[in-house]
Amino acid sequence: MTAEVPDLQVAVFSTEITPPLNEPVGMGFVPIPRTIEHPLLAKGVVFKQNNRHYVLCALDWMEVHNESYDALRKTLAEAAHTTSACVALHCLHQHTAPAIDSTSQKLYLKPEDPRRIASLKYEQRVTKLLHTAVRKSLKSMQPITGLGISQCLVERVASNRRLKQADGSIRARLSSTKDLELQNAPQGLIDPWMRTLSLFNQNQCLLQIHYYATHPQSFYGDARISYDTVGIARERLQKKNNVFQLYFTACGGNIAMGKYNNGTREARQELSERLFQAMECSLTQIERLPAAPLQWQTTKIQFTPRRAAEFQNAPQQSILQNQQSPLSQKIKSAMIVTWNERLKQGDQIELSCLTLGKVRLLHLPGEPFVEFQLAAQKTHPELFLLTAGYGDCAMGYIGTEISYSDRGGYEQTWSFIEPGEALLQAAIEQLLAGNGCPH
């Protein structure tokens, strides 16, 4: 007797979300865009099972926070005739793309400020584009009759950003460096695997979803719009194979390309090539699995705000009210105050997990350290685990317990929560064990 194929379907969507040139779109982390090297894309999939829809979406953005994140997620849900709880929205975290946060902007920009006006206009345009793309995709559903899982080692791309020194302190090695000492330092703890999920209708591959843990940027800060290394590899593979390619940045909060990247175009070409080769290599080693019923579960975390004096609202309000405060300081202060107020109101962050047989697609907020996905993989070796970070990034980095007491380093200075390692690990375990809230 032939095993019954579940009533599972999928559709893909893609729309260009490149910001307009010469307009101050975004929070202000990146310069006003003057040139477009690559178009920014929003790409995703809609799953349908028993008339319920579930959405995965990856944005070629640096980040999205707070009300902006909620609004985009709600738009995706409405377009797919589902609820926000059934939507996983993530950024790839390119630094040649804007960060969007309409909530924080209210604190450091006046209503008539050109940046606030341009950002809101852009966000509204992206919202409409996403709604149209998802709604259109629903007309092109195809059955999923089989799955494929595969992985390939990525050579000479990722490296740990937190280098422990002889005196126990931490030295930062970020996205690029010309410092030979930093280049020659050990690679450090990473997850070296590119993991891929392929979806099939009989022998036709419908789409492939790739996951890898690293900050994706090569060079930036030059008023250029680009989807950078991961976008270059993703779109090259899609053009070559004529199969829809989707990419998610995994737990890359403390991982970057610094050891192998000197910030030149030549280095970017090499890094993009290595990512492309890993994606392509992964597709030569696909293990075919039967289609399995889709399960979607969620859970929520109540984080605790940072207790240190410098993360309290009072000093941040002083920075915001001082006309001489640099924009970079005001942005961070606004983010801290916004996040503190969310937590004061009892706001919780939602995580989700999509299950297809032994495959798990885990969706996390913020910039989580690589240790979280490594621990989950070690705890559940029986699963093929695909982890996406960079959901709602309002809380900044989510680091390990020890990172908060380290001397030196960078990430903990942009983490707006008290150590949340145990909270996040417990939530991950709840989802992977199938004990979340079903949808």
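**A walk from the sheet to its helices**

Val10 stands opposite Gln142 in E8. This is a predicted model, in which local features need pLDDT of at least 70 and side-chain atom pairs count only at pLDDT 80 or more, while totals for chains, interfaces and linings use all residues. Residues are numbered from 1 along each chain as its sequence is written, and side-chain values use heavy atoms, with hydrogens and water left out. As for the element names, helices (H or I, at least four residues) and strands (E, at least two) are DSSP runs numbered from the N terminus.

Strand E8 (residues 142–143) pairs with E1 in the antiparallel sense over 2 bridges; two strands are said to pair if DSSP finds at least two bridges between them. Strand E1 (residues 8–16) also pairs with strand E3 (residues 41–49), again antiparallel, over 9 bridges. Within that pairing, Gln9 has Lys48 of E3 as its bridge partner.

Now step back to the sheet these strands belong to. It is an open sheet of 5 strands, ordered E6-E4-E3-E1-E8, and its pairing is mixed. Its edges are strand E6 (87–91) and E8, each of which pairs on one side only. If you follow the side chains along a strand, keep in mind that in a regular strand they alternate between the two faces of the sheet.

H3 lies across E1, E3 and E4, and runs at about 145° to E1. These angles run from 0 to 180 degrees between N-to-C directions, and the axes are lines fitted to C-alpha atoms, for helices over the stretch in contact.

How do the two helices meet each other? Two packed helices are described by the angle between their axes and the distance between the axes. The axes of helix H1 (residues 66–79) and helix H3 (residues 114–137) come within 8 Å and cross at roughly 25°. H1 is therefore roughly parallel to H3, since angles under 35 degrees count as roughly parallel, over 145 as roughly antiparallel, 65 to 115 as roughly perpendicular and the rest as oblique. From H1, the contact draws on Ser68, Ala71, Leu72, Thr75, Leu76, Glu78 and Ala79, while H3 supplies Glu123, Val126, Thr127, Leu130, His131, Val134 and Arg135; contact here means heavy atoms within 4.5 Å. By class, the contact of H1 with H3 has 7 nonpolar, 4 polar and 3 charged residues, where Ala, Val, Leu, Ile, Met, Phe, Trp, Tyr, Cys and Pro count as nonpolar, Asp, Glu, Lys and Arg as charged, and the others, Gly among them, as polar. The crossing of H1 and H3 is right-handed; a crossing is right-handed if the near helix is turned clockwise from the far one by less than a right angle, and left-handed if anticlockwise.

While you are at H1, look at Asn66, which is found in this helix. Asn66 has a positive phi of about 55° although it is not a glycine. Is Asn66 buried or exposed? It is buried, with a relative accessible area of 3%; buried means under 20%, exposed over 50% and partly exposed in between (1.4 Å probe, protein chains only). Tyr390 is another non-glycine residue with a positive phi, of about 65°. Tyr390 sits in the loop between strand E23 (384–388) and strand E24 (397–398), and at 0% relative accessibility it counts as buried.

Next, visit Phe219, in the loop between strand E14 (204–212) and strand E15 (224–225). Phe219 is buried, with a relative accessible area of 12%. Leaving aside residues up to four places away in sequence, Phe219 touches Thr96, Arg224, Asp228, Gly263, Thr264, Arg265 and Arg268. The C-alpha atoms of Phe219 and His95 are separated by 8.2 Å, although these residues are 124 apart along the chain.

The residues in contact include Asp228 of H5 and Arg268 of H6. By class, this contact has 8 nonpolar, 2 polar and 7 charged residues.
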